[in-house]
Amino acid sequence: MSTLSYDATGAAQEALEQHLPALVEDRIATRIFAKDHTLWGPDAESESAIRLGWVEAATVSQPLVKDILELRDALRAEGVSRIVLCGMGGSSLAPEVIAGTAGVELTVLDSTDPDQVRAALADRLAATAIVVSSKSGSTLETDSQRRIFEQAFTEAGVDAKSRIIIVTDPGSPLDKASREAGYRAVFNADPNVGGRYSALTAFGLVPSGLAGVDIQAFLDEAEEAAEILNDDAPENIGLALGTALGGTNPLRNKIVIAEDGSGIVGFADWAEQLIAESTGKLGTGILPVVAGPQSPEVTSGAADVLVVRLVAADADIELGDNQVAIAGGLATQMMVWEFATAVAGRLLGINPFDQPDVEAAKVAARGLLDAQPEPTPAAFVDGAIEVRGGDWLGEAATAEGAVKALLGTLSSDSYLSVQAYFDRLAFAGLEGIRDELAAATGRPVTFGWGPRFLHSTGQFHKGGPAIGVFLQVTAAPAEDLGIPAKPFTFGELIAAQAAGDAQVLGEHGRPVLRLHLTDRAAGVAQLQDVVAALSTRASATES
């Protein structure tokens, strides 16, 4: 197994000293691995009883390896060299990290943006197979992606059934329909594993293995990690990390996860869903903030922030105050963080396996799709940006003024959430505004691409503490794209998803500034200029 190490300072070390003896005495580690569903209180027992399969996923999933590798070899013999994963949230984040860290190509389509979908369709279609991954089998985004690829294969003269692989729970609507349709393969995952804990199940393994990852070695490493975590001992790093996440006093509920040389590609994005969706409920929870080692939050010293640095095993790291450093291979880290999140849930007094507020935005989006209402009129237009907001906009008449007004609603314990509902690959550079906004506000800032974040941090936004401030960015596509056999287009779908989420956030009393870019390239450039100007002014004021 890869070397696993842990170090902590300040509040994280104090939490360890406060909680570790009781966790060891109460045999929390071995009880988790024994699937003791009583650990999170009476209200959580029914859900916990059917969500603890992840503790043995590395072992249970071993028989999948042979079938996955045989299918990979068969596809390659047929000239299939490109795998596209159609999935959302827990179905897409883990494979993206696994493939990225292994250095193999996997196209992850976790968007309903027409331009991003069209780009995925246009790339080497004749050499492509798709993995349609949905636990429930009813995910609207994934169903739409399957439909458009199936149509594109057929129109290109490719046997669509031979290029579609399904991953779903046994007995789901997708499971039954796919077997009846005669798709190339249907893989069933353990139904007793929730989506965000599913990295070591068929959801993580099928797309990664088909793309070329050594999934046997990946599972072997995870099995060794599970053996180490299944130990009621003070040296258990999973217990230590769990105390850092959920046991600081007072609670540091912004966990800044900074990639600092670990060699794991995109790990913080995967951990973001795991932590936010597992803990953000009942008005409490932990907000993960994906950052770099030099990001403003790392050195802010804010009383509500704890920094976790993902480091290399042999790194010589000098920790600052209230920081954690953790090192380990990818499979090891995934096991450790899943375990630690379950421990943090116990310390927080919440059920880490449900997601009671995720459905709200989905329901609102479906309602808007059905009703097809006229868009809310813009408060004003500035260049390539249409501006919509609440009464807090005041006298703002420019995009910069609107963003400044939104930032004015931040308090000393707030966070800012930036949500961009368009092509995350073509406009990846927009993420650079995250650090600038963090510097300008002095508060933690998250950046999420819609609609994928709705399946992860969306739970924390509604169910966690009412301290979020939201900047939503939508953009007109170059050209819309129809969804086969559906009365709406991809453009209408992503617009409804954005509007539905804004509606639910508004109903929860959260301030939401909506910026719609009428021209993508021009609008992105204008928004970047707006944020840069605000950041420059903030720096000048501080100096």
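Tutor: Let's begin with strand E4. Thr128, Ile130 and Val132 point one way from E4, Ala129, Val131 and Ser133 point the other way, and all are buried. Keep in mind that this is a predicted model.

Student: Why do the side chains of a strand sit on two faces?
Tutor: In a regular strand, side chains alternate between the two faces of the sheet.

Student: How many residues of E4 are buried?
Tutor: Six of the six residues in E4, which covers 128-133, are buried.

Student: Which strands does E4 pair with?
Tutor: Strand E2 (residues 82-86) pairs with E4 in the parallel sense over five bridges. E4 also pairs in the parallel sense with strand E5 (residues 164-168), over four bridges.

Student: Which residue in E4 is the bridge partner of Cys86?
Tutor: Val132 is the partner of Cys86. On the E5 side, Val131 stands opposite Ile165.

Student: What holds paired strands together in general?
Tutor: Backbone hydrogen bonds pair the strands of a sheet, in either a parallel or an antiparallel way.

Student: What about Leu109, buried or exposed?
Tutor: Leu109 has a relative accessible area of 1%; buried means under 20%, so Leu109 is buried. Its place is in strand E3 (residues 107-109).

Student: What does Leu109 touch?
Tutor: Leaving aside neighbours within four places in sequence, the contacts of Leu109 include Val84, Leu85 and Cys86, along with Val117 and Phe149.

Student: New topic: helices. How do H10 and H11 pack?
Tutor: Helix H10 (residues 202-211) and helix H11 (residues 215-229) pack at an angle of about 145°, and their axes are 10 Å apart.

Student: Which residues meet there?
Tutor: From H10 there are Leu205, Ser208 and Gly209, and they meet Ile215, Phe218 and Leu219 of H11. By type, that contact has four nonpolar residues, two polar and no charged.

Student: How do E12 and E16 run, parallel or antiparallel?
Tutor: Strand E12 (residues 385-388) and strand E16 (residues 512-517) run antiparallel and are joined by four bridges. One of the pairs puts Ile385 with Leu517 in E16.

Student: Where is Leu430?
Tutor: Leu430 lies in the loop between strand E13 (415-421) and helix H18 (433-441).

Student: How far apart are Leu430 and Phe33?
Tutor: Their C-alpha atoms are separated by 42 Å, and the two residues are 397 apart along the chain.

Student: And Gln333, buried or exposed?
Tutor: Gln333 counts as buried because its relative accessibility is 1%. Gln333 is in helix H15 (residues 330-348). Not counting residues up to four places away in sequence, Gln333 touches Ile264, Phe267, Leu310, Ile326, Ala327 and Gly328.

Student: Zooming out, how many helices and strands are there?
Tutor: The protein chain has 21 helices and 16 strands.

Student: What is the radius of gyration of the chain?
Tutor: The protein chain has 23 Å; a compact globule of 543 residues would have a value near 24 Å, so the two agree. The C-alpha trace spans about 60 × 60 × 45 Å along its principal axes.

Student: Last one: how much of the chain is buried?
Tutor: Of the 543 residues, 60% count as buried. The protein chain exposes about 19,500 Å², and carbon and sulfur atoms supply 50% of it.

Notes: Residues numbered from 1 in each chain as written. Predicted model: local features only at pLDDT ≥ 70, side-chain atom pairs only at ≥ 80, totals over all residues. Heavy atoms only, no water. Pairing = 2+ DSSP bridges. Helix = DSSP H or I, 4+ residues; strand = E, 2+ residues; numbered from the N terminus. Axes fitted to C-alpha atoms, helices over the stretch in contact; angles between N-to-C directions. Contact = heavy atoms within 4.5 Å. Nonpolar A, V, L, I, M, F, W, Y, C, P; charged D, E, K, R; others polar. Rg over C-alpha atoms; globule rule 2.2 N^0.38 Å. Buried < 20%, exposed > 50% of the residue type's maximum accessible area, 1.4 Å probe, protein only. Areas by Shrake-Rupley, 256 points an atom, 1.4 Å probe, with all protein chains shown as cover.
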